[in-house]
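Hello,

Here is the structure I promised to pass on to you. My notes on it follow below.

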Amino acid sequence: SPVHPAISIEIPIYDGTNNNGGNSGGDNANHNNDDGSDGNDDDGTSNVYTSLVFLASGRECAVVEIMYNPRLYSNNRRSRMNHFDPNDLDEDVQVTLLPSPSANNGSIVIGSPRHGIATLASPILAAAGLMPFTTTSSTTTSSAPLVAILTSDGLVHTRSPSFISIPLSTIEVGNRPNDFFTLQALPNKKVVVGSYSGEARLISFREDTVSDLADRMMKLSIDAFGSTGFPRAELAEAIGATFSATSYVGPEPTTGARNIFKQYLETCLGLDTSGDFGGGALYKRFLYGYNFGDDGNDDDNSSTNALMSSFAASYLSATAMLCLVCTRLSTPNSTLANRAAKSCATKFGVVGDIQQTGINAATVKVCELIAERLLTESESTRTLPPSSGIATGKNGIRLDMVEAASWLLRSCGQHERSIAILQERMKNPSIRNKAFVDETPEAAGDPRSSRRATGWSQVKYDSHICTHLGELWSSGDKQCQEFVLNSSATRQLLETNPTLGLKIFTSMLPQNEEQWLNQIDNPLLEANDTSTKIVDLLKSIRPIVPIHSQIKKIDITLGSIEVNNDFELPFDSGRALAVVYLESAIGISTGRPPVKSLNNAEKNSVVDIHNELAFLLLEGVLSERSDDEAQVDSDLGKIYREKLRRLLGWHSSKVKPDQLMHTLPSSFLREKALLLGQLGRHEDALRIFYFDLKSLDLALEYCDARYEKQQAQNKYELVKSYNNGIMSKGNEGCAYLPLVRVALESDQESERGISAAIQVLSLRRENIDRAAALRLLPKNVPVSALARSFLIPALIDSESQARRLTVTASLLRAKYVRLKKSLTEAQIKSQSILQNVPALQSLNLGDPVYASNPFKARPSNISTLHFPDVTITKHFFPRYVIIQATAAAIDGMTLGNVQLVVAESSDEALLPSLNVPIKTLPPGITGSSWCVLAASPQRLDGTAILVTEMHYSILSADSAIATSLEFERSFQSSTSGRSFVEEIQDIEIRRAEFEG
């Protein structure tokens with residue numbers, strides 16, 4: 001209108017790469033590239049430009065976003081088809097930003113005011129987009145965009161495009177009546193205001209302090225809820241608001257004020273999904289009190305930093321207030337409340353003792369009070385309009401509100417109450433199983449109405465509780481772990497869903513061999529002090545869920561030591577739970593590699609855990625036997641027995657054999673044999689298998705298990721020795737020789753013993769020590785008895801292995817030669833640059849003064865056929881002369897220790913100081929050697945003459961490969977091959993060359 005003309009200005013957007021001080025449209029537009037390229041496609045249609053425009057007229061103002069995207073909105077239909085892919089955009093963006101292009105709008109799309117239209121108290125005279133603080137580098141800080149507004153009452157406001165209705169700061173510049181009318185932005189958040197009388201004022205805006213944020217939130221809370229509609233005193237103490245803000249008397253609370261407060265908190269907490277115009281990083285400053293950095297990225301320890309920050313109380317209080325305002329809207333927004341509380345809990349991580357965090361007692365009180373309000377609202381019976389999208393029933397309960405209260409309590413460390421409120425509601429079947437459907441007549445007649453259920457299934461509840469308790473346990477906080485062990489929720493979950501309940505304690509344990517190897521700094525996870533408490537808890541559990549499937553029929557051979565993974569232990573008792581936990585803790589069920597050698601203290605703590613598992617398995621075997629069949633294992637008992645045998649035969653077993661030996665029944669011969677093996681009495685163990693059980697197969701499988709244990713131990717020792725740089729060798733003998741000796745001990749059936757020994761040699765000829773085994777056989781055994789079953793196959797295997805190793809060695813040598821050649825060429829190339837030579841870098845050469853033109857070196861005598869092609873360049877420095885001899889071998893020869901040596905100098909002002917030779921110079925490669933002379937230019941009289949020689953050796957192919965490639969060493973190492981010394985023409989050094 002003529003009275004209040006329209007105002008349109010662009011608000012600068014800075015993404016950390018733009019440091020332009022102007023505010024013109026093209027210079028400050030934000031350049032985005034959806035495909036991550038550099039924005040320079042051949043057709044010039046890849047860049048996306050986004051601008052923020054502030055519009056005002058009279059007392060009303062708004063911020064709109066303008067986007068230019070040629071790929072999506074080109075008027076050329078064929079170009080659109082080539083570049084447009086709807087899958088590249090989110091669904092919301094497709095709906096909002098994909099109108100049909102026309103000749104009018106072309107490639108430009110103007111969005112509607114996403115945050116509404118704000119109405120100020122006085123008409124707007126001028127506005128300017130503030131420019132953030134700049135640094136000495138080419139980047140700017142990650143400050144959010146701001147706009148300064150001058151109104152007719154002489155006030156200058158700063159406002160954020162993300163919540164344009166809320167003034168961040170207000171400064172009075174004009175008198176009554178006001179004659180200031182114009183506003184212009186300057187760098188570093190400064191503006192200059194001009195008046196009709198010619199007066200001007202410079203205003204500098206500072207960053208918000210913690211006190212500013214606290215006072216603003218306090219006043220907005222009073223505007224939204226009134227003086228008594230929220231925990232006013234607790235909030236003031238929690239965020240540290242000033243007395244003036246706490247005693248502020250606002251207007252009567254309205255729905256509009258609550259919507260403005262919600263919008264403000266959404267942006268401050270980083271929850272605004274509709275687009276916050278670059279203000280998304282504002283929550284980081286609100287939480288941490290500073291900007292993270294130019295990139296705006298969190299670090300790896302962001303959860304710990306957030307929780308320990310002194311601003312954690314403010315952030316948590318703001319989250320609680322957002323949850324409260326969601327309950328006071330005309331249509332309660334349980335989804336936003338739940339999302340806000342969950343986001344806060346995620347950023348904080350596990351909150352243990354609040355005394356060790358930045359959260360104060362007042363903040364906890366605020367959260368508790370607002371959580372109770374959420375619970376009350378969840379059971380509210382007020383009817384919502386069909387368009388709300390929130391479904392309720394006559395006796396319905398919105399579990400989104402309950403979940404929000406749970407997350408909020410978790411954020412302030414009230415884990416017991418957080419779990420209890422969910423338990424109370426899930427115990428009520430009418431709540432747990434109710435499908436909450438909007439039963440209003442309007443919704444029943446509207447097919448578009450959202451009539452969805454909002455209840456929780458038992459699976460979702462169990463998963464939520466398991467995740468919560470698991471995070472508490474994995475935090476390592478003693479107080480949290482004690483709560484998990486004593487919580488009724490833990491017992492309930494273990495009783496109703498044992499598989500999920502065990503994950504509370506096992507989720508933090510390694511699940512495969514690779515993860516166990518990464519635990520090399522803490523290999524004794526099973527020796528944790530809390531392991532005993534966990535086992536005691538699990539043994540006291542009585543699962544109430546039935547066994548879902550019958551125990552499968554299993555074919556257990558007497559020689560089987562490994563248990564089949566298809567036959568899991570059913571969780572029908574606390575014993576089964578304890579067994580599964582201990583197997584995971586010690587790593588027998590997750591592929592743990594051999595454990596390092598333990599000292600006495602470590603070994604004692606581990607032995608107790610392993611003994612506990614062994615006795616539990618033995619108890620399982622005995623308890624599953626019936627009285628009438630005391631020697632027969634049931635199907636479940638067979639599983640326990642196989643697990644016991646697997647433990648006793650495991651390579652990392654630390655069971656104390658003496659204690660378990662006295663407990664074993666006399667019929668447990670295999671278990672006794674395995675214990676004897678742990679004591680190192682392998683022949684005694686094999687006698688039980690071979691004589692008592694009369695089974696060569698069992699004896700062979702015992703030896704196989706011992707052999708595999710040796711291989712695993714050797715692999716572990718190899719990795720450890722490689723890391724430590726010390727090679728070690730196993731001391732244990734052949735695993736199969738004791739069986740040969742035991743088989744030959746049968747006096748009464750000597751033929752049987754010899755036949756068994758030959759059978760062992762035949763079946764394990766690839767792994768057995770063949771020579772030692774043959775020496776054990778009686779001398780009267782004919783060669784024919786061994787030829788067909790052992791000697792001939794062993795000879796064929798040996799020859800085949802020799803051929804394989806020969807081919808492998810040749811391939812590895814060829815690969816080694818190629819790598820050596822590549823390394824030599826790379827080092828020679830690096831040595832050809834003066835600045836890259838380590839020996840020259842240590843001389844403190846200073847700035848170069850002069851470099852001569854290269855000239856070819858000529859031998860003083862008749863040239864030999866093998867003299868390399870040498871070019872010489874002189875480099876002058878203030879205190880040194882460096883002569884570069886660039887050489888190339890000829891006639892396919894490989895040269896070694898190629899260097900130029902100054903044999904004599906005519907002036908004492910030039911003295912040889914250092915030589916850097918070319919250690920190896922392959923054919924066709926050009927390299928540089930360096931000769932350094934210490935110089936005193938002021939003492940140099942005219943021209944100095946240097947008598948120089950070329951030293952080199954001709955290497956054979958093997959010598960060339962074996963020559964040391966450590967170029968930084970001096971010329972002292974000896975190399976094979978014939979050495980040559982060729983005198984070349986003298987080199988002149990003039991004093992004038994030191995002057996450039």
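One definition before the notes: a polar contact here is a pair of N or O atoms within 3.5 Å, where, within protein, one atom must be able to donate a hydrogen and the other to accept it. Please also keep in mind that this is a predicted model.

Arginine 232 is buried and yet has no salt bridge. The nearest side chain of opposite charge belongs to glutamate 234, and it is 9.3 Å away. What does the side chain of arginine 232 make a polar contact with? The partner is the side chain of serine 227, at 3.1 Å. Leaving aside neighbours within four places in sequence, the residues in contact with arginine 232 are Met218, Ile222, Ser227, Thr246, Ser247 and Tyr248.

Now for the overall picture. The protein chain has 996 residues, and 47% of them are buried. Its secondary structure amounts to 36 helices and 24 strands. If we take contacts between residues at least 6 apart in sequence, 69% join residues at least 24 apart. The accessible surface is about 49,000 Å², with 50% of it belonging to carbon and sulfur atoms.

There are 29 salt bridges by the rule used here, and a few of them deserve a look.

- Arginine 645 pairs with glutamate 642, with the closest N and O atoms 3.1 Å apart. The two residues are three apart in helix H26 (residues 635–648), so about one helical turn separates them. Arginine 645 and glutamate 642 are both buried.
- Aspartate 797 pairs with arginine 765, the closest N and O atoms being 3.0 Å apart. Because aspartate 797 lies in helix H34 (residues 783–831) and arginine 765 in the loop between helix H32 (750–763) and helix H33 (770–776), this pair ties together parts that are 32 residues apart in sequence. Aspartate 797 is partly exposed at 23% relative accessibility, and arginine 765 is partly exposed with a relative accessible area of 23%.
- Lysine 874 and glutamate 993 meet through their side chains at 3.4 Å, N to O, in another salt bridge. Lysine 874 is in strand E16 (residues 869–876) and glutamate 993 in the segment after strand E24 (987–990), so the pair ties together parts that are 119 residues apart in sequence. Both lysine 874 and glutamate 993 are buried.

Salt bridges also link Arg681, Glu683, Asp684, Arg687, Arg741 and Glu745 in a network.

Finally, a note on the surface. Tyr68, Ile108 and Ile110 form a nonpolar patch there, and together they have about 290 Å² of accessible area. Isoleucine 108 belongs to strand E5 (residues 108–110). Why does isoleucine 108 count as partly exposed? Its relative accessible area is 43%, and partly exposed covers the range between under 20% (buried) and over 50% (exposed).

Best wishes

Notes: Residues numbered from 1 in each chain as written. Predicted model: local features only at pLDDT ≥ 70, side-chain atom pairs only at ≥ 80, totals over all residues. Heavy atoms only, no water. Helix = DSSP H or I, 4+ residues; strand = E, 2+ residues; numbered from the N terminus. Buried < 20%, exposed > 50% of the residue type's maximum accessible area, 1.4 Å probe, protein only. Contact = heavy atoms within 4.5 Å. Areas by Shrake-Rupley, 256 points an atom, 1.4 Å probe, with all protein chains shown as cover. Patch = residues over 30% accessible without salt bridge, like charges linked within 9 Å, V, L, I, M, F, W, Y side chains within 5 Å. Salt bridge = Lys/Arg side-chain N within 4 Å of Asp/Glu carboxyl O. Lys, Arg positive; Asp, Glu negative; His and termini not counted.
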